[in-house]
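Keep the coordinates open while reading.

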Amino acid sequence: MAHTPVLSFTDHGIYCAAGDFYIDPWRPVARALITHGHADHARWGHGSYLATHQALPVIQHRLGEIACQGISYGEVLRIGTAEVSFHPAGHVPGSAQIKVVVEGEIWVASGDYKIEDDGLSDPFEPQKCHHFITESTFGLPVFRWRPQDAVADDLNNWWRKCAGEGKTAFLGAYSLGKAQRLLRMLDPGIGPILTHGAVEATNAVLRGQGIDLPTTVQLTKDTDPKANKGALVLAPPSALGSAWAKRFGPGESAFASGWMQLRGVRRRRAGDRGFVISDHADWPGLLSAIRETGAENIYVTHGYTDVFSRYLTENGWRAEVVPTEFGGEDAEGEAS
Amino acid sequence: MKDFAALFNAIDQNTKTTVKTNALTAYFQTAPKRDRLWTIALFSGRRPKRAVTTTRLREWAAEMADIPLWLFEESYPIVGDLAETIALVLPEAQTTSDIELTQWINDLRGLAQVEEPARKAFVRNAWQVLGGTERFVFNKLITGGFRMGVSQKLMTRALAKATDKPEAELAHRLMGNWHPDQTSWDALINAEDPMADASRPYPFYLCHSLEGEPARLGATPEWAAEWKWDGIRGQLILRDGQYFVWSRGEELMTDRFPELARAVDFLPPGTVLDGELLVWQAGAETPSSFNALQKRIGRKTVPKKLLAEAPVVLQAYDLLEWEGQDIRTHPFAARRTLLEQACGLLPDDAPVKLAPALPFDTWDALAAHRSAARAAQAEGVMVKRTDSPYLVGRKKGDWWKWKLDPLTIDAVMIYAQAGHGRRANLFTDFTFAVWNGNDLVPFTKAYSGLTDAEFREITAWVRKNTLQRFGPVRQVTPHHVFEIAFEGIQASPRHKSGVALRFPRMSRWRQDKPLQEANTLDDLNEMLRIYG
């Protein structure tokens, strides 16, 4: 007998009929379960929000007054006839894969995830399931990340060289998650770390929930460049190259993103350096994550969906592409 | 290869010209001389002959990466560079290699003599011992096209700093038909007489576009004018009883233009002319269109029939060498006088013609010449300062092209394709259509004219509005109207629309214009009737 699937893909988002809720919906719904606080997953206008305790502060900071409820990793909540639990996705602090069990059938919506332990977020925990919904932002074999320590060495060597030459190092990175991860990778012994307001606002929220970050100074119009020789400035990519940067005199700019793997994108962004560091799984990471779930049915969302699902199909999975309105294929945006 | 890869990184990881120049200068002072020579060769487009086909490279890379070939092929357009795609999909290098650049190049060239299994073994081994940038550079040595943000000008400047020689002299030394096998660093850079090679051309002097009115250039007597022809720029060298024809891209084209051989009968040895190669029928008032010339450019050797159908002449507009003397420092007016003496009285059947001067007393008179350019099969007029020397490269101030305003038509975007290199992963190559009743008939492609921000915006739109994919090409919802600018229009039976455009590009994104108001095939045919 054909039965209603545990999760289905609607024009509002990923829907669970058994619990009458949505996961990361992109249009307003009554009840939303949110994997993490990035803008394409946690949107404004839902009746109620459920997210991990660690993810909620940022979501509240961004969306203001919302009706919300926190949940711990691993805690099981019954909604209608569905059993729901949140498990670390390793993407950013508080990010979760959402597991939904109905009559013994297990589905996992993984939101965005990465496999490597970044030392900041709770590391990814594979969940056994029958149906797995995966992103494919970097679902091509040309995307393979080097270990974080190796990239951290490159990053600090670059900063040290800039400081030695009397230049300011401008580093562009997404303000939630990536920026804090970089802060933990940087060697504060090299010089002062200045932050753009957007980054510092997120820092304050995360510090408030007990996440340890090195000392940073928020950049204002009164910041004296001369008093901050050898500084590194951490800002959203869109803020680099604006007028305030010029006050700092000679400088070099860099971006930190998975897209920096591609020389063409790096050159187009016109930065001096590109550091390949992503909060999404690389090609081997996606494949190992999928393998570890033991799932036979894979739903591929945002990214190189067609290619990735074809590869999965050829290798024995039942894979299909599902359209979503998550960030997706975007080499020009700031996340990833 | 480590030094060369380090140089590559230093250049690639910085956007500032001074940093790039300094890195190159240091390399030209310290690297082994053979490697320096090859570096100059690579950066000026002289690459080793391709020893392995790209088809084999793709197959071997996919095999070594343990991925299906189709997956490799899907990845390639995203990366936008074959050498880079291969470097990225392969597993990490297991060891390292101390072999230097020249040795790698020589080994690669040796592959032409061995059987395919040995080639494959060599390439696979290289991929195992070269990591990161070294592997990318190695792949570039095979696939060619060594463009890496170093212009010839920048390289010449670095060489000048490294060797304490004037830039202009080095630019001249680097011109022409040399190859690392037949010369050495010392012979190329330090030898006494750079003219020893009879075929060596002079660096071309390039002009800027004149934006706005010419009145701002000052008083008219200081300026001379001639047609801005729509052919290809060429330098004709007559030395030692031989002749050589060079393109602006430093390609030796002598064999493509055998009719110019007769120039040696009319002009003395020790003559170098700068001019425009055009197809010009005997007795015709004006040259034929660029289309006619295109048939000739494509051929390495010319069949008799084509030679008769599309005879080429050189419209000479400058004299760089006369009686064996380099006269580039003489004022333009003096060079022109000598040019008129040399070419003014040539018989009608000589393959070299004196490009006519366009006399004018006022800027309005020049504007009148310009407005007659289309009838003369020219793109506009050239304006040259009478006391200017013949400089090297693109320098502002003395030479200006004042082109006709382009023709334009409003067209609908129907297909999009991602670009390469710097434009990888961005939709930049579009196909445009005009209305024919209720159908959209494709008539041209265009790649340029939008800003990076506009390309980003249209890229996001293409992703959301793809109707169908044909490999790398996406059919999109007809929605956006662009103004296409072009220099000329010709009938073309090969195209579905029946026309071919010259230099099409996007001049404006007409977001104000509804789809239905784009132009029609009838409009295009009317333009063909008037301007074709």
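Chain A has an accessible surface of about 12500 Å², and carbon and sulfur atoms account for 51% of it. The model is a predicted one, and every value here is computed from it. Of the 336 residues of chain A, 61% count as buried. Its secondary structure consists of 8 helices and 19 strands. Taken along the principal axes, the C-alpha atoms of chain A fill a box of roughly 75 × 45 × 30 Å. The radius of gyration of chain A is 20 Å, and this agrees with the value near 20 Å that a compact globule of 336 residues would have. Among the contacts in chain A with a separation of 6 or more, 61% are between residues 24 or more positions apart.

Strand β5 covers residues 48-52 of chain A, and 4 of its 5 residues are buried. Which strands pair with β5(A)? One is strand β4 of chain A, residues 31-33, which runs parallel to β5(A) and is joined to it by 3 bridges. In this pair, A:R31 has A:S48 of β5(A) as its bridge partner. Another is strand β6 of chain A, residues 68-71, also parallel to β5(A), with 4 bridges between them. Strands of a sheet pair through backbone hydrogen bonds, in either a parallel or an antiparallel sense.

Chain B contains 19 helices and 21 strands. Its radius of gyration is 26 Å, close to the 24 Å given by the globule rule for 532 residues, so chain B is as compact as a globular protein of that length. The C-alpha trace of chain B spans about 70 × 70 × 50 Å along its principal axes. Buried residues make up 52% of the 532 residues in chain B. For contacts in chain B between residues at least 6 apart in sequence, 70% join residues at least 24 apart. Chain B exposes about 23700 Å², with carbon and sulfur atoms supplying 50%. It has 67 positive and 66 negative side chains, and the centres of these two sets lie 3 Å apart.

One sheet of chain B is open and mixed in its pairing, with 4 strands in the order β2-β12-β10-β3. The strands at the edges, β2 (208-209) and β3 (223-229) of chain B, each have a single partner strand, so one side of each is left without a neighbour in the sheet. For β3(B), strand β10 of chain B, residues 378-385, pairs in the antiparallel sense over 7 bridges. B:W227 has B:V381 of β10(B) as its bridge partner.

Methods
Residues are numbered from 1 along each chain as its sequence is written. Chains are lettered from A and ligands numbered from 1 in the order in which they are written. This is a predicted model: local features need pLDDT of at least 70, side-chain atom pairs count only at pLDDT 80 or more; totals for chains, interfaces and linings use all residues. Side-chain values use heavy atoms; hydrogens and water are left out. Helices (H or I, at least four residues) and strands (E, at least two) are DSSP runs, numbered from the N terminus. The radius of gyration is taken over C-alpha atoms; the globule rule is 2.2 Å times the number of residues to the power 0.38. Buried means under 20% relative accessible area, exposed over 50%, partly exposed in between (1.4 Å probe, protein chains only). Contact means heavy atoms within 4.5 Å. Accessible areas come from the Shrake-Rupley method with a 1.4 Å probe; for residues, only the protein chains shown count as cover. Lys and Arg count as positive and Asp and Glu as negative; His and the chain ends are not counted. The place of a charge is taken as NZ of Lys, CZ of Arg, CG of Asp or CD of Glu. Two strands pair if DSSP finds at least two bridges between them.
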